[in-house]
Amino acid sequence: MKKITIKDIKSLKKGNKKFTVLTAYDFSFARVLNDTKIDIILVGDSLGNVIQGNKNTIPVTMEEMCYHTKLVAKAASHSLVMSDMPFMSYKTLDDALINATKLMQSGAEIIKIEGGKWVEKIIKELSVRGIPTCCHLGLTPQYIHKLGSYGVRGKGQDEANTIKSDSMILEKAGADFFLLECVPTLLGEEITKALEVPVIGIGAGGKTDGQVLVTHDILGLSELTPKFTKNFLTDANSIKEAIELYKEAVLSGKFPSSENCFK
């Protein structure tokens, strides 16, 4: 199978074609996603919740992210591998350069960073050094103790304007992708249209270029089911078939439906 590259994903946006993203934290799940030709496998710090049983992503360490990235990369002969920079692993520019290097050497092909305008210099420095980045805006789970809840972000005009402004600043700094989490559908659509680079949505409406979900959510394995997700295993006879149904639903525009979105 042809290996997906960042250039391929950007070409999909230019051609107004959707793409798919799912999480994996080990070789076995990554192999199924890869064989189903999911475009991007995200090694998320959501492993703190899904794998470790923590209440949030804060406890996840750099060493753990590198370990799980290595496992996933072994199976990803087709899918692009994206890995999260965990909590406080990029608190300074030096930390960001050192830890992003560790993730890339573990098999990541693009790294994801939570944060707005304040990460501008980090994105710029990583970009000029050949490290691709995906900027995560909207609901940022690493900020849970500051935010106080996992609620929708950008419902008010001031916060919506800040998210839009941050996205443009970070695109100019060199960001290759964006991930928008839990924002109103209209805001997701506006940002997707405004940016030249691909935008991945999770609870950001159906107008983003791509969609991402936690694989354990689409298989009904999670204790809680967020509004923005769907259990695809209920209509499938196997894990692989559930993943294929997710992929088909995203590419056809059937997912997310209005019941999975925020106004």
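Q: Helices (H or I, at least four residues) and strands (E, at least two) are DSSP runs, numbered from the N terminus. Where does Lys 37 fall among these elements?
A: This is a predicted model. In it, Lys 37 sits in the loop that runs between helix H2 (27–35) and strand E2 (40–43). The protein chain has 11 helices and 8 strands.

Q: What makes the backbone of Lys 37 worth a remark?
A: Its phi is positive, at about 60 degrees, although Lys 37 is not a glycine.

Q: Why is Lys 37 called partly exposed?
A: Buried means under 20% relative accessible area and exposed means over 50%, with partly exposed in between. Lys 37 has 40% relative accessibility, so it counts as partly exposed.

Q: What is the phi of Cys 182, and where does this residue lie?
A: Cys 182 also is a residue other than glycine with a positive phi, near 50 degrees. It belongs to the loop between E6 and H9.

Q: Why is Cys 182 called buried?
A: The cut-off is under 20%. The relative accessible area of Cys 182 is 3%, so Cys 182 is buried.

Q: How do you know that Phe 178 is buried?
A: Its relative accessible area is 0%, and therefore Phe 178 is buried. The residue is part of strand E6 (residues 177–181).

Q: Which residues does Phe 178 touch, leaving out those up to four places away in sequence?
A: Among them are Cys 134, Cys 135 and Leu 137, then Ser 167, Leu 170 and Glu 171, and also Leu 195, Val 197 and Pro 198. As for Gly 203, it is 25 residues from Phe 178 in sequence and 14 Å away in space, C-alpha to C-alpha.

Q: Why are H8 and H9 called roughly parallel?
A: Angles under 35 degrees count as roughly parallel. The axes of helix H8 (residues 157–173) and helix H9 (residues 185–194) cross at roughly 20 degrees and come within 10 Å. H8 and H9 are therefore roughly parallel to each other. The crossing in which H8 passes H9 is right-handed.

Q: Which residues make the contact of H8 with H9?
A: H8 contributes Ala 160, Ile 163, Lys 164, Ser 167 and Met 168, which meet Leu 187, Glu 190, Ile 191 and Ala 194 of H9. By type, the residues of this contact divide into 6 nonpolar, 1 polar and 2 charged.

Q: What makes Gln 211 a buried residue?
A: With a relative accessible area of 4%, Gln 211 falls under the 20% cut-off, so it is buried. Its place is in strand E8 (residues 210–213).

Q: What does Gln 211 touch, again leaving out residues up to four places away in sequence?
A: Its contacts include Phe 19, Thr 20, Val 21, Tyr 246 and Val 250, as well as Phe 255 and Pro 256.

Q: Which peptide bond joins Phe 255 and Pro 256, cis or trans?
A: The bond is cis, with omega about 0 degrees. Pro 256 is located in the segment after helix H11 (239–252).

Q: How do you know that the radius of gyration of the protein chain agrees with that of a compact globule?
A: A compact globule of 263 residues would have a radius of gyration near 18 Å; the protein chain has 17 Å, which agrees. Along the principal axes, the C-alpha atoms fill a box of roughly 45 × 40 × 40 Å.

Q: How much of the protein chain counts as buried, and how many contacts join residues at least 24 apart?
A: Of its 263 residues, 54% count as buried. Among contacts between residues at least 6 apart in sequence, 63% join residues at least 24 apart.

Notes. Residues are numbered from 1 along each chain as its sequence is written. This is a predicted model: local features need pLDDT of at least 70, side-chain atom pairs count only at pLDDT 80 or more; totals for chains, interfaces and linings use all residues. Side-chain values use heavy atoms; hydrogens and water are left out. Axes are lines fitted to C-alpha atoms, for helices over the stretch in contact, and angles run from 0 to 180 degrees between N-to-C directions. Angles under 35 degrees count as roughly parallel, over 145 as roughly antiparallel, 65 to 115 as roughly perpendicular and the rest as oblique. A crossing is left-handed if the near helix is turned anticlockwise from the far one by less than a right angle, and right-handed if clockwise. Contact means heavy atoms within 4.5 Å. Ala, Val, Leu, Ile, Met, Phe, Trp, Tyr, Cys and Pro count as nonpolar, Asp, Glu, Lys and Arg as charged, and the others, Gly among them, as polar. The radius of gyration is taken over C-alpha atoms; the globule rule is 2.2 Å times the number of residues to the power 0.38. Buried means under 20% relative accessible area, exposed over 50%, partly exposed in between (1.4 Å probe, protein chains only).
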